Amino acid sequence: SWKIIGHESSYSVSGVTYKNVVVVERQAKIPDFNGSFVAMDEETITYWVAEGIGMIKGYGQYKLLGKPLTIELIETNVSN
């Protein structure tokens, strides 16, 4: 489930400033290209969502083969 963890009156991503950004997080697993999951443990993913735009940034840190793997998504719409 989604949880609101903050609000930014403005937030910049890749040189673009967005207004009225809500910061949310949820627990999720990352699917790999075969449709199975990279890590079976759920990890916290944080999303920055701009009003009228959708997701402007997503960030999560996972463990892959026992090593940390940071994944950052930029300029993608949130669904689900």
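Let me start with strands β2 and β3: eight bridges join them, and they run antiparallel. Strands here are DSSP runs of E with at least two residues, helices are runs of H or I with at least four, and both are numbered from the N terminus. Two strands count as paired if DSSP finds at least two bridges between them. Within this pairing, Ala28 stands opposite Glu43 in β3.

Before going on, a word on the source. This is a predicted model, in which local features need pLDDT of at least 70 and side-chain atom pairs count only at pLDDT 80 or more, while totals for chains, interfaces and linings use all residues. Residues are numbered from 1 along each chain as its sequence is written, and side-chain values use heavy atoms, with hydrogens and water left out.

The pLDDT is the predictor's confidence in each residue, on a scale from 0 to 100. The protein chain averages 79, and 71% of the residues score at least 70. Confidence is highest in strand β1, residues 3–13, at a mean of 95, and lowest in strand β5, residues 67–74, at 70. Where pLDDT is low, the predicted coordinates should not be read in detail.

Now the overall layout. The protein chain has five strands and zero helices, and its pattern along the sequence reads β-β-β-β-β. Strand β1 pairs with β2, residues 16–28, in the antiparallel sense over nine bridges. The two form a hairpin with two residues between them, and Ser14 in the turn has a positive phi of about 50°. Across that pairing, Ile4 stands opposite Val24 in β2.

Next, burial. I call a residue buried under 20% relative accessible area, exposed over 50%, and partly exposed in between, using a 1.4 Å probe and protein chains only. Of the 80 residues in the protein chain, 28% count as buried. Strand β3 is mostly covered, with six of its eight residues buried. Thr46 is found in this strand, which spans residues 43–50. Thr46 has a relative accessible area of 15%, so it counts as buried. Contact means heavy atoms within 4.5 Å. Leaving out residues up to four places away in sequence, Thr46 touches Ile5, Val23, Val24, Glu25, Lys57, Gly58 and Tyr59.

On to the aromatic rings. Rings of Phe, Tyr and Trp, the last taken as its six-membered ring, pair if their centres lie within 6.5 Å; planes under 30 degrees apart count as stacked, over 60 as edge-to-face, and the rest as tilted. By that rule there are two aromatic pairs. One is Trp2 with Tyr47, a tilted pair at 5.1 Å centre to centre with 55° between the planes. Trp2 lies in the segment before β1 and Tyr47 in strand β3, so this pair ties together parts that are 45 residues apart in sequence. Are these two residues buried, exposed or in between? Trp2 is partly exposed, because its relative accessibility is 34%; Tyr47 is buried, because its relative accessible area is 9%.

The other pair is Tyr11 with Trp48, which is stacked, at 5.6 Å centre to centre and 20° between the planes. Tyr11 lies in strand β1 and Trp48 in strand β3, so the pair links parts that are 37 residues apart in sequence. Trp48 has 12% relative accessibility and therefore counts as buried. Lys57 lies over the face of Trp48, at 4.7 Å from the ring centre; the rule is NZ of Lys or CZ of Arg within 6 Å of the ring centre and within 35 degrees of the ring normal.

That leaves the nonpolar cores. A core is a set of buried Ala, Val, Leu, Ile, Met, Phe, Trp, Tyr and Cys residues joined through side-chain atoms within 4.5 Å. Which residues make up the largest one? There are eight: Tyr11, Val13, Tyr18, Val21, Val23, Trp48, Ala50 and Ile56. Strands β1, β2 and β3 each give two or more residues to this core, and β2 gives the most, with three. A second, separate core of six residues includes Val24, Ala28, Tyr47 and Tyr62.

Last item: the C-alpha atoms of Trp2 and Arg26, 24 residues apart along the chain, are separated by 4.9 Å.
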